[in-house]
Amino acid sequence: MGRCRPPLARDGLARGLQGGDHRGDHHRGTVTRQPAQQHRGGDPERRLYRVIPDEWGIYQTQAVAIPARSGMYIPDLLVAPRAVLMGSGHFIPAAEAELVVEITSQSNANHDRIAKAAGYATAGVPLYLLVDRWVPGGPTATLYGEPSDGVYRVLRAIPFGGGLHLPAPFDLTLDTAEFPVG
C-alpha cells in the first residue's frame, strides 16, 4: 500500500476508522485506531453554536484530509462551512475548517501536540485548540493560530479553571473550569 492513497481509498479508510466506539487517523501510511472519547463535559460545541454563522456547522468524527502530510485526521470537534460537507463523501480538506479541537487521551497526547498541530498548521487551519489533560505541568488548554510554514503560534495557554478567549470569528470565552481533569 502506497503512502498516498487515492481519494476513494482514503474515503473507505475514513469510514472504516470511524465505527462503533472507536475512531482513528491515517498519517503517512500509518493508521491508528483508538477508543472514541467519551463525553468530557464543558460542552464547548453548545457555546460555539451560539456564535457561528448559520452556514457553518460543528462536527464530531468528521475526517479531514491533510494532503501535504499524506494523512487524514478525525478531530474531536471541527467547525467548518456546511457547504463543504455537501457531497464531499466522508472527508473534507482540512483547509476548509475554521477551528479544530483535539482532546488528548493518555495514549495520544504527543501525537495531538506534535503531529496533528503540524498537520493542521500545514493545511492552514486558522485555529487549533488543544485540550490537554496529560501535559506534565497540569491540565492545560492551548489555543494555536496564525499558521505559517507548517507551524502555529501559541495564542494563549491556560491551566484548566480559567477562561480561554477564542478570537473572531467566534469572539467568545470558553470556561475551562468545566473541563474534566482526569
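A salt bridge, as the term is used here, is a side-chain nitrogen of Lys or Arg within 4 Å of a carboxyl oxygen of Asp or Glu.

## About the model

Please keep in mind that this is a predicted model, in which local features need pLDDT of at least 70, side-chain atom pairs count only at pLDDT 80 or more, and totals for chains, interfaces and linings use all residues. Residues are numbered from 1 along each chain as its sequence is written, and side-chain values use heavy atoms, with hydrogens and water left out.

## The protein as a whole

Four helices and 13 strands make up the secondary structure of the protein. Both kinds of element are DSSP runs numbered from the N terminus: helices are H or I with at least four residues, and strands are E with at least two.

Of the 182 residues in the protein, 49% are buried. Here buried means under 20% relative accessible area, exposed means over 50%, and partly exposed lies in between (1.4 Å probe, protein chains only). The accessible surface comes to about 8600 Å², and 54% of this belongs to carbon and sulfur atoms; such areas come from the Shrake-Rupley method with a 1.4 Å probe, and for residues only the protein chains shown count as cover. Among contacts (heavy atoms within 4.5 Å) with a separation of 6 or more, 51% join residues 24 or more positions apart.

## The sheet and its helix

Six strands form an open sheet with mixed pairing, in the order 3-6-8-9-10-11; two strands pair if DSSP finds at least two bridges between them. Strand 3 (56-59) and strand 11 (151-159) stand at the edges with a single partner strand each, so one side of each is left without a neighbour in the sheet. On average, neighbouring strands of this sheet are turned by 15° against each other, direction ignored. Axes are lines fitted to C-alpha atoms, for helices over the stretch in contact, and angles run from 0 to 180 degrees between N-to-C directions.

Inside the sheet, strand 8 (residues 99-103) pairs with strand 9 (residues 127-132) in the parallel sense, over five bridges. Ile103 has Val131 in strand 9 as its bridge partner. Helix 4 (residues 109-123) packs on the sheet, where it touches strand 8, strand 9, strand 10 (140-148) and strand 11. The direction of helix 4 makes about 180° with that of strand 9.

## Charged pairs

Side chains of opposite charge can pair when their charged atoms come close. Lys116 forms a salt bridge with Glu102, with the closest N and O atoms 3.0 Å apart. Lys116 lies in helix 4 and Glu102 in strand 8, so this pair ties together parts that are 14 residues apart in sequence. Lys116 also forms a salt bridge with Asp112, at 3.6 Å between the closest N and O atoms; these two residues both lie in helix 4, four residues apart, about one turn of the helix.

Another salt bridge joins Glu146 and Arg153, whose closest N and O atoms are 2.7 Å apart. Glu146 is partly exposed at 48% relative accessible area, and Arg153 is partly exposed at 45%.

## A residue on the edge strand

Val154 lies in strand 11 and is partly exposed, with a relative accessible area of 44%. Not counting residues up to four places away in sequence, Val154 touches Thr142, Leu143 and Tyr144. Val154 and Tyr128 are 26 residues apart in sequence, and their C-alpha atoms are 9.5 Å apart in space.
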